Amino acid sequence: MVDIDFMEIQLKLYGSSKLLSDKETLLIELPENSNIEQLRNSLSKIISNKYSKSNLGNLPKSAAFFSKNNEVINDNYKLKE
Amino acid sequence: MSLHTALVKIEEQKISSEKAKRFIYSDKNGAESIFVGRVRNENDGKKVTGVTYDAHDQAVIKSFQSICNDAKNKFDKNAKIFLEHAKGYVPVGEISILIAVGAGHRDEAFKICRYILEEVKHQSPIWKKEHYTGGKEEWLPGHSLRPQEKIK
């Protein structure tokens, strides 16, 4: 058996992603050491489970993610809690 | 100072073409080109009442400065450039973007103005939500800032 530790990521939302929450941010739980690609997969699941009737289906693929340095980050970027 | 860039919260302040003209004026320049973008009352057959612009402020300013410096390096290093974009709710008829360029000659002034407009559309993290008559509203897809080759 393998124990997986999880971390909680806080995403600040812009544009249509604001439809995912009534707040400015969204909390997502991911396995530790996850990267942006895993975050995209997690967002896809959230959208298909909760927002299947919305037009957000393409969001996980088209969204850009910014680091705290305001740079667009690539899919291999490791997330930290 | 030859470059001014800003995101303007329209609820607090208006984008002013007079301010832009004053900023770009120089007796070294023989040409001025000014582009004013406004919110129009129709899009895709729908009657628009206004647009809300959402922005990642720090990344927008970073992109504005990078785009304007690229434009100067490409066309005219001595150009004076004023670039402001609205943030928040902008009613129909109001200014959403203003680009003003003072350059040595008309060709450079036109080219810099067009270059900045197109690059802002493609590079700057600004999102639009349209508001329609009847109360409906919709976020527009716009250009993805994720590099295109990664979108499958």
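## Exercises on a predicted two-chain model

Chain B contains 3 helices and 8 strands, where helices (H or I, at least four residues) and strands (E, at least two) are DSSP runs, numbered from the N terminus. The model is predicted: local features need pLDDT of at least 70, side-chain atom pairs count only at pLDDT 80 or more, and totals for chains, interfaces and linings use all residues. Residues are numbered from 1 along each chain as its sequence is written, while chains are lettered from A and ligands numbered from 1 in the order in which they are written.

**Exercise 1. State the confidence of the prediction for each chain and for the complex.**

Step 1. For chain B the mean pLDDT is 94, and 96% of its residues reach 70 or more. For chain A the mean is 89, with 96% of its residues at 70 or more.

Step 2. For the complex, the predictor gives an ipTM of 0.84 and a pTM of 0.90.

**Exercise 2. Describe the order of elements in chain B and explain why the chain is called as compact as a globular protein of its length.**

Step 1. Read from the N terminus, the elements of chain B follow the order β-α-β-β-β-α-β-β-α-β-β.

Step 2. The radius of gyration is taken over C-alpha atoms, and the globule rule is 2.2 Å times the number of residues to the power 0.38. For 152 residues this rule gives 15 Å; the radius of gyration of chain B is 16 Å, which is close to that value, so the chain is as compact as a globular protein of that length.

Step 3. Along the principal axes, the C-alpha atoms of chain B fill a box of roughly 50 × 40 × 25 Å.

Step 4. Two residues are in contact if their C-beta atoms, placed from the backbone, lie within 7 Å. Of the contacts in chain B with a separation of 6 or more, 75% are between residues 24 or more positions apart.

**Exercise 3. Identify the largest nonpolar core and the elements that supply it.**

Step 1. A residue is buried if 20 or more other C-beta atoms lie within 10 Å of its own, exposed if 12 or fewer, and partly exposed in between, with C-beta atoms placed from the backbone. By this criterion 34% of the 152 residues of chain B are buried.

Step 2. A nonpolar core is a set of buried Ala, Val, Leu, Ile, Met, Phe, Trp, Tyr and Cys residues joined through C-beta atoms within 7 Å. The largest one has 35 residues, and those with the most contacts inside it are Ile81(B), Ile99(B), Val101(B), Ile112(B) and Ile116(B).

Step 3. At least two residues of this core come from each of several elements of chain B, among them strand E1 (3-9), helix H1 (17-24) and helix H3 (106-123). The largest share, 7 residues, is supplied by H2(B).

Step 4. Beyond its neighbours within four places in sequence, Val101(B) is in contact with residues including Ile24(B), Ala79(B), Ile81(B) and Ile112(B).

Step 5. A second, separate core has 5 residues, including Leu43(A), Leu56(A), Leu59(A) and Ala63(A).

**Exercise 4. Trace the pairing of strand E7 of chain B with E4(B) and E8(B).**

Step 1. Two strands pair if DSSP finds at least two bridges between them.

Step 2. E4(B) and E7(B) (residues 126-132) run antiparallel and are joined by 7 bridges. One bridge pairs Gly50(B) with His131(B).

Step 3. E7(B) also pairs in the antiparallel sense with E8(B) (residues 137-139), over 3 bridges. Here Lys129(B) has Trp139(B) as its bridge partner.

Step 4. The hairpin of E7(B) and E8(B) has 4 residues between the strands, and Gly134(B) in this hairpin takes a positive phi near 95 degrees.

**Exercise 5. Locate Asn33(A) and Asn70(A), and classify each as exposed, partly exposed or buried.**

Step 1. Asn33(A) lies in the loop between E2 and helix H1 (36-50) of chain A. Its phi is near 70 degrees, a positive value in a residue other than glycine. Asn33(A) counts as exposed because it has 11 C-beta neighbours inside 10 Å.

Step 2. Asn70(A) lies in the segment after H2 of chain A. Although Asn70(A) is not a glycine, it has a positive phi of about 65 degrees. With 15 C-beta neighbours inside 10 Å, Asn70(A) counts as partly exposed.

Note on methods: pLDDT = per-residue confidence, 0-100.
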